Amino acid sequence: MKIPTHYIARNLWVRKLTTALTAGGMALVVFVFAAVLMLDAGLKATLVATGSPDNVVVIRQGAQTEVQSGISRDQAALIETAPEVARGADGLPLVSKEVVVLNSLPKIDDLTKRSNVVVRGLPDMGKTLRPQVSIVQGRMFRPGSSEIVVGRSVARGFAGVEIGQQLSFAARQWTVVGIFDGGMTAFDSEIWGDVEQMMQAFRRIVYSSVIAKLAAPDLFAALKVRLDDDPRLKVDIKREAQFYSDQSSSLSNFITLLGMALSIIFSLGAMIGATITMYAAVATRTAEIGTLRALGFQRGSILLAFLIEALLLAAVGGIVGLIAASFLTAITVSTTNFQSFSELAFAFTLTPGIVLSALAFSLVMGFVGGFLPAIKASRMKIVDALRAD
Amino acid sequence: MFFLNFVFRNVFRAKLRSTLTIVGLIIAILAFGLLQTVVRAWYAGADAASATRLITRNAISLTFSMPVYYRDKIRSVPGVTSVSVSNWFGGVYKEPKNFFAQFAVDAPTYFPMYPEFVFDTEQYQAFMRDRRGAVIGRQLAELYGFKVGDVIPLKSGIYPGSWEFNVRAIYDAKDETTITRQMYFHYDYLNEQLKRTAPRRGDLAGVFVVGINEGQAAPNISRVIDAEFKNSLAETLTETEKAFTLGFVAMIETIVVAIEGVSYVVILIIMAVAANTMAMTARERLSEYATLKALGFKPGAVAAMIIGEAFLLAALGAGLGMLLTPIVVKGFHAATVSVFAKMPLVAQTFYLQAACAVAVGMVAGIVPAIRAARVKIVDGLRHVA
């Protein structure tokens with residue numbers, strides 16, 4: 001015979017303060033747990049969205065980032081002529097030869113604090129290869145001019161990048177003429193301008209990277225073999241999505257490791273809270289347990305009833321924690337990715353997987369916390385229990 | 001005396017509950033102390049900075065260099081005592097996870113500005129004689145088992161090719177704040193190699209380290225230096241070494257702030273647990289409190305007993321947690337020594353831990369104390385827990 005669930009639930013309702021405090025502790029743990037998973041999911045989502053499956057990034061061999069890389073004009077021409085590279089309707093190769101530098105800009109909320117922003121010089125083709133990028137305010141930079149456009153996250157996080165303002169670097173004034181939306185990609189954290197103008201200004205004779213669109217997604221291996229075998233080229237080639245996710249693997253690992261360690265330590269506290277509450281529940285209801293047993297409820301039913309009570313308690317905590325965490329989705333986090341040494345903005349992202357993990361995590365806490373008290377309750381002798389005051 | 005005795009005995013009446021609460025408190029205070037220390041660890045570089053050293057770098061960003069001849073112009077600025085060159089090498093030893101800082105420096109001008117690096121004179125001279133020589137810090141040497149005479153092969157993403165350096169000296173720290181986890185080698189060697197393989201990248205300096213005669217003059221000297229190169233191709237940004245180092249922390253400030261914020265969440269969690277314990281305790285003893293009142297104890301005395309009990313609980317848990325903190329921090333540092341050069345446990349961390357304990361005790365005790373103080377003797381005596 002099973003003890004009715006509403007009977008169990010009402011036990012929680014009777015002791016409101018205790019229930020609220022215990023569930024509250026668990027809610028905080030679930031909040032931290034979910035927040036960390038959401039942060040990592042947001043970071044990954046941003047990076048996955050940044051890369052198109054049929055785009056490849058070519059950088060100098062051994063260079064970990066575009067900033068460190070250098071590709072000469074001759075080398076870029078060789079990549080352009082590879083047959084695996086797609087061509088547009090006009091027969092031109094879909095290749096963008098770009099220059100990427102870092103510019104340290106003051107943050108909008110504290111001008112004394114600076115962070116590195118990616119400044120990318122790119123030709124018209126660079127925009128074609130990134131269809132997810134669109135201008136949301138102002139206009140695109142004109143080729144051959146000292147105009148620049150800034151990504152949404154840059155516009156939000158840094159000072160001096162409003163439309164009409166000028167940035168001064170490489171002995172030139174660069175006028176901001178537009179703000180673009182990168183569609184929640186890493187491009188939101190970049191500033192774009194004309195590649196040839198930037199090469200001249202920075203006195204550079206080599207590109208940083210070459211972005212190429214494959215004629216078909218499965219031609220990647222063929223192109224890689226071709227570039228690796230060419231003695232004139234010393235380059236690394238990666239799919240764009242892979243390139244971006246490799247660049248943030250450290251940050252992602254750091255967030256996950258730190259978050260999991262914290263969640264586990266914090267959950268110890270919450271589980272202790274649940275144990276205390278459940279032991280108290282058992283102690284104050286000893287006579288009640290005796291009565292239930294005398295009425296014919298089995299030990300197993302008593303065990304189950306107290307376990308369910310603990311799980312319900314945890315579920316309340318889990319749901320409250322998740323609701324609180326879901327408000328985080330409105331927040332965008334911006335920090336320096338130390339692998340690329342540049343600022344990267346990403347949002348807390350709630351996925352169905354995270355909801356399930358967080359609820360499962362809270363139930364595990366409830367189970368562990370409620371287990372010993374439930375055992376104690378189920379082991380009571382009827383006579384002793386009934387005799388208790 | 002009676003009062004204290006009463007409180008003390010009450011704490012351990014429900015042994016299991018008190019023990020669990022204390023264990024929870026220990027964990028929370030430990031976790032809090034550890035997180036605070038990790039936050040502090042990011043600032044270790046700034047602690048090591050000297051007030052009489054400035055860093056001049058390219059105003060665009062650190063990834064841009066400056067012509068090395070700037071050195072002579074900087075040296076002629078009044079108040080400047082010496083100028084050295086330092087280039088970030090960004091090399092990797094065997095595998096990417098083996099990452100440590102390497103700098104190509106102009107040794108004859110660099111090390112006199114860093115008296116906190118203590119060298120063996122003979123080793124230092126051997127380093128000066130070897131063009132491909134390198135010096136490494138004690139901590140770095142211990143981390144990878146490097147010895148004097150070893151060859152360290154490095155691959156750099158910034159400077160292509162394979163590089164090899166001979167360890168000629170191992171330097172020690174002069175005091176607690178000195179970080180000895182870097183490697184230095186001769187700028188001239190790097191420069192000569194570059195001039196051969198990539199001439200356009202030769203004769204460039206990543207940063208200039210500028211020694212000045214007194215710290216107070218730093219803002220002025222910085223302005224004069226930056227004005228010197230205004231409107232040139234490589235404009236400069238000069239700041240104190242401390243500001244320069246803090247600039248790195250500012251870049252990841254979001255993460256540092258998040259860790260600090262989260263450290264208070266664990267205190268909130270344990271606050272809820274302790275408050276729950278006290279609420280249950282007080283509820284069970286409501287009839288006792290009524291009895292005490294009937295015997296003539298003032299409501300304030302009853303309230304003080306409950307708050308005292310909450311404080312004692314918090315003090316026991318926090319005290320044990322604080323005692324264990326140095327051990328846990330040491331263990332954690334041993335596991336993360338490749339990430340954090342220093343993990344200084346500062347007095348402030350202990351003060352914060354103590355403050356948190358007081359807050360937990362107060363919050364946990366206040367509601368039940370008020371309730372017990374207010375309870376009418378008749379109701380209390382009639383109360384069944």
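Domain bounds, as used here, come from an automatic or database domain assignment. On that basis chain A is divided into domain 1 (5-48 + 249-387) and domain 2 (62-233), and the C-alpha centres of domain 1 of chain A and domain 2 of chain A lie 46 Å apart.

This is a predicted model, in which local features need pLDDT of at least 70 and side-chain atom pairs count only at pLDDT 80 or more, while totals for chains, interfaces and linings use all residues. Residues are numbered from 1 along each chain as its sequence is written, and chains are lettered from A and ligands numbered from 1 in the order in which they are written.

**Contacts between domains and between chains**

Two residues are in contact if their C-beta atoms, placed from the backbone, lie within 7 Å. The contact between the two domains of chain A takes 13 residues from domain 1 and 14 residues from domain 2. On the domain 1 side, helix H2 (16-50), strand S11 (332-337) and strand S12 (342-347) of chain A each supply at least two residues; S12(A) provides the largest share, 5 residues. Helices (H or I, at least four residues) and strands (E, at least two) are DSSP runs, numbered from the N terminus.

The contact between the chains takes 38 residues from chain B and 46 residues from chain A. On the chain B side, helix H2 (15-41), helix H10 (241-251) and helix H11 (253-284) of chain B each supply at least two residues, and H11(B) gives the most, with 15 residues.

In the table, Ala, Val, Leu, Ile, Met, Phe, Trp, Tyr, Cys and Pro count as nonpolar, Asp, Glu, Lys and Arg as charged, and the others, Gly among them, as polar.

| Side | Composition |
|---|---|
| Domain 1 of chain A, touching domain 2 of chain A | 5 nonpolar, 7 polar and 1 charged residues |
| Chain B, touching chain A | 26 nonpolar, 10 polar and 2 charged residues |

**Nonpolar cores**

A nonpolar core is a set of buried Ala, Val, Leu, Ile, Met, Phe, Trp, Tyr and Cys residues joined through C-beta atoms within 7 Å. A residue is buried if 20 or more other C-beta atoms lie within 10 Å of its own, exposed if 12 or fewer, and partly exposed in between. Of the 178 residues in the largest core, A:Val32, A:Ala34, A:Val58, B:Ile269 and B:Ala274 touch the most other members. H2(A) supplies the largest share of this core, 18 residues. A second, separate core of 46 residues includes B:Phe127, B:Ala134, B:Val135 and B:Tyr159.

**Helix H9 of chain B**

In helix H9 (residues 218-228) of chain B, B:Ala218, B:Ile221, B:Ser222 and B:Ile225 are buried. They lie on the same side of H9(B) because they cover an arc of only 105 degrees around the axis, taken from the directions from the helix axis to the C-beta atoms. The face turned away from the buried side of H9(B) carries the exposed residues B:Arg223 and B:Ala227.
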